[in-house]
Amino acid sequence: MAFIPVRDLSAAQSFYGGPLGLRVAEEGPYAVVLDAGGTMLRLTQVDDLQPQPFTIAGWRVLDMGKSIDTLSARGVAFIRYEGMDQDAKGIWSTPGGDQVAWFKDLDGNTLYLTCFAG
């Protein structure tokens, strides 16, 4: 199980269930549980949330370009970091060939996609 803090459960449920396409498994007054590819992802209400400057959650994808195109078409904006050698879609390739791209949720939490080279 993974936890992601959010300020507004309804808005977060719309983002994670809409553009990200995660199925809602359970709804409650303080949390929404989603199915993230077999992992329970719990969106937890945190009224005084201060998003951290680092990545808090991510997903493995099999085709980075296709995944970015799909999410971009659904309104997800990918982050470009100054000083990082990212391609036109915002993909950074590690020295080993893995691909990584970052985006934020509605609360400013940094999330990412990764496509492993091997």
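Predicted model: local features only at pLDDT ≥ 70, side-chain atom pairs only at ≥ 80, totals over all residues.
1. Basis. Local features need pLDDT of at least 70 and side-chain atom pairs count only at pLDDT 80 or more, while totals for chains, interfaces and linings use all residues. Residues are numbered from 1 along each chain as its sequence is written, and side-chain values use heavy atoms, with hydrogens and water left out.

2. First sheet. An open sheet with mixed pairing has 4 strands in the order β1-β4-β3-β2. Strands are DSSP runs of E of at least two residues, and helices are runs of H or I of at least four, numbered from the N terminus; two strands pair if DSSP finds at least two bridges between them. At the edges are β1 (2-6) and β2 (23-27), each pairing on one side only. From one strand to the next, the twist averages 25 degrees.

3. Pairing of β1. Strands β1 and β4 (residues 39-45) run parallel and are joined by 5 bridges. Pro 5 has Thr 44 in β4 as its bridge partner.

4. Helix α1. Residues 9-17 form α1, which lies across β1, β2, β3 (31-36) and β4; contact means heavy atoms within 4.5 Å. The helix runs at about 150 degrees to β4 (axes are lines fitted to C-alpha atoms, for helices over the stretch in contact; angles run from 0 to 180 degrees between N-to-C directions).

5. Strand β5 pairs with β8 (residues 110-115) in the parallel sense over 5 bridges, and Gly 58 stands opposite Tyr 112 in β8.
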